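Hi,

Here is the model I promised to pass on to you. Have a look at it first, and then read my notes below.

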Amino acid sequence: MANEATAPTLYTVAAPPHWHCGRTVTGVMQQYILALLPAAVMAFIYYGFPALRVIGLSCATAVAVEALCCKAMDRPSSVDDFHAVLTGLFLAFLLPAMAPWWLVVVGAAVSIVVGKMLFGGLGGNPLCAPLVGWAILSLSWKTQMDPGAMVLATNLVDPLTQLKYLGVAAANKLSLGDLFIGKQLGALGATQVLALLVGAGYLVSRGLLKLYIPLSFLAGVFLAGLVYYLMDGSVYPSPVFHLLTGSVVLGACFLATDPNSSPVNKAAMVGFGLTAGVMTVIIRVYGMYPDGVPFAILFANLFTPMFDLIRPKPFGAR
Amino acid sequence: MSIVKEFTKGLWKEIPPFRLVLGLCPTLAVTKTASDGMGMGAAVIFVLVLSNVIISLVRKIIPKKVRIACFIVIAASLVVSVELLMQAYAYPLYQSLGIFVPLIVVNCIILGRAEAFAAKNPVLMSAADGLGMGIGFTLSLTFLGALREIFGYGKLFGSAVFGPAFKPFTFMVEAPGAFVCLGLILAAMNYLAIWQSKRAGLPEPAIAASCGGCRACAIGESKQIVEG
């Protein structure tokens with residue numbers, strides 16, 4: 001800085017690369033938000049204005065808190081890259097539609113502060129930011145985070161609670177087609193399976209989403225579910241049931257693929273996805289929480305530095 | 001070094017566990033409430049002062065090669081006595097602290113002060129050092145316990161702080177809450193030290209890239225430059 005002030009500037013050249021592909025952080029984030037819109041619309045159809053209220057409040061809080069953090073850290077504001085909006089949107093998708101306002105506000109604030117800004121902002125977070133907020137909320141306020149307890153005026157049923165408390169017979173009564181189009185009670189956006197798959201397909205077609213992590217995540221869930229199903233089909237549900245319930249699709253396509261907290265190489269990405277997928281089913285079977293996806297992804301995130309040690313061989317190395 | 005200085009360094013300059021990051025097991029485990037933290041701190045004061053005094057008394061007759069074993073034996077006898085005293089006079093506290101009372105034996109602060117201070121210094125100095133460190137540890141644990149109790153249960157020393165509409169932030173009294181709280185306090189301590197050295201006109205402590213950007217060591221170095 002001091003040199004720039006004293007030395008006369010002759011000619012300024014921007015840092016390489018000079019040929020830019022046109023992809024920016026802001027652009028990618030906007031595409032992601034666009035890809036999540038179908039699920040938001042489906043959430044509005046199923047839950048009405050309360051769902052919109054949660055989404056709006058969560059995004060607004062995330063943006064405001066990030067702006068405040070940037071101010072406190074004496075940095076140029078980073079809210080215009082839309083990552084805060086995306087974080088708020090993901091968090092809203094993991095909350096029940098009737099969540100009280102303070103739950104949404106605390107969750108969004110914690111996601112941004114503890115999940116992202118304490119580690120230096122976008123690119124520094126070791127864990128997927130919205131999941132940090134979700135984990136702290138669900139450890140603290142179990143009742144308010146439980147869709148079955150919060151969303152009362154509905155005919156939908158929560159397939160995972162049915163499985164947990166009423167056994168596999170109750171779970172098998174639910175039609176898989178209904179689950180696929182999102183006719184299940186749960187977090188407001190995470191259960192819109194079809195809409196999320198449409199969004200993920202859009203991102204894949206734009207080249208913004210690589211399929212290694214989503215496919216290996218789903219394969220991990222399917223294989224682990226299959227192992228339990230083959231062990232005893234009268235106790236454990238079919239693997240397809242696992243794939244279509246809870247936040248498996250949201251986790252596989254959007255949360256596990258968070259660029260900062262997932263590994264970068266192909267083999268590592270496959271291992272990462274399989275770890276998270278298998279952990280999901282293990283937590284569902286043995287854990288005290290009905291859905292294990294967020295914890296499974298956080299668990300896999302912790303192993304990302306290990307997975308990143310799997311590197312391709314440099315050219316010419318033995 | 002005067003005796004006052006030895007006493008006061010444990011209260012702020014080297015306060016465990018926020019500056020001297022030792023004894024983390026009880027810090028994380030028994031600070032669910034302020035009174036638990038205070039009870040734990042009281043037990044540590046008792047053991048720390050007496051172990052420092054005894055070790056300082058016998059420091060010249062302990063053979064160098066077996067000194068750690070001797071320190072542990074001395075600390076263990078004191079811990080057993082504090083455990084029995086607690087069972088006799090403070091049974092509810094003993095029950096809520098549980099296994100962490102016997103675990104004071106392996107508390108790093110006890111062994112650390114014995115090795116680093118009491119084994120090299122006369123009795124009165126060692127007693128002052130132990131008392132200062134013990135009181136600092138108690139203050140830290142009470143502070144952390146109060147913080148976690150206020151948000152986690154909505155209470156302070158067992159009496160309600162917020163109105164009935166308050167929904168307890170249970171995360172704070174779970175195990176991860178202890179880690180997050182301690183981390184935030186350590187960050188605040190480092191921030192404060194950097195701010196102080198800036199105000200005193202010292203060079204800003206450098207970031208140690210190998211330690212994840214922590215500046216704690218550099219803070220100590222820049223202070224030594226001034227003192228030396």
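**Chain B as a whole**

Of the 228 residues in chain B, 37% count as buried. Please keep in mind while reading that this is a predicted model. Chain B holds nine helices and two strands. Read from the N terminus, its elements come in the order α-α-α-α-α-α-α-β-β-α-α.

The C-alpha trace of chain B spans about 60 × 55 × 30 Å along its principal axes. The radius of gyration of chain B is 19 Å, which agrees with a compact globule, because a globule with 228 residues would have a value near 17 Å. As for the contacts in chain B with a separation of 6 or more, 70% of them are accounted for by residues 24 or more positions apart.

**Where the chains touch**

Chain B gives six residues to the contact, and chain A gives five residues. On the side of chain B that touches chain A, the residues divide into three nonpolar, one polar and two charged.

**Helix α2 of chain A**

Helix α2 of chain A covers residues 25–47, which makes 23 residues. From its first C-alpha to its last it reaches 32 Å, close to the 33 Å expected at 1.5 Å a residue. Where does α2(A) bend? The bend, of about 35 degrees, is at A:Leu37, and a proline, A:Pro38, follows within four residues.

The buried residues of α2(A) are A:Tyr32, A:Ala35, A:Leu36, A:Ala39, A:Ala40, A:Met42, A:Ala43 and A:Tyr47. In chain A, these buried residues pack against α3 (49–72), α4 (83–93) and α12 (193–205). Just after α2(A) comes A:Gly48, with a positive phi of about 75 degrees.

**One residue in α3**

A:Ala67 has its place in helix α3 of chain A. Why does A:Ala67 count as partly exposed? The reason is its count of 16 C-beta neighbours inside 10 Å, since a residue is buried at 20 or more and exposed at 12 or fewer. Leaving aside neighbours within four places in sequence, A:Ala67 is in contact with A:Ser77 and A:Val79. A:Asp80 lies 13 residues from A:Ala67 along the chain, and their C-alpha atoms are separated by 9.5 Å.

Best wishes

Notes. Residues are numbered from 1 along each chain as its sequence is written. Chains are lettered from A and ligands numbered from 1 in the order in which they are written. This is a predicted model: local features need pLDDT of at least 70, side-chain atom pairs count only at pLDDT 80 or more; totals for chains, interfaces and linings use all residues. The expected span of a helix is 1.5 Å times one less than its number of residues. The bend at a residue is the angle between axes fitted to the seven residues ending there and the seven starting there. Two residues are in contact if their C-beta atoms, placed from the backbone, lie within 7 Å. The radius of gyration is taken over C-alpha atoms; the globule rule is 2.2 Å times the number of residues to the power 0.38. Ala, Val, Leu, Ile, Met, Phe, Trp, Tyr, Cys and Pro count as nonpolar, Asp, Glu, Lys and Arg as charged, and the others, Gly among them, as polar.
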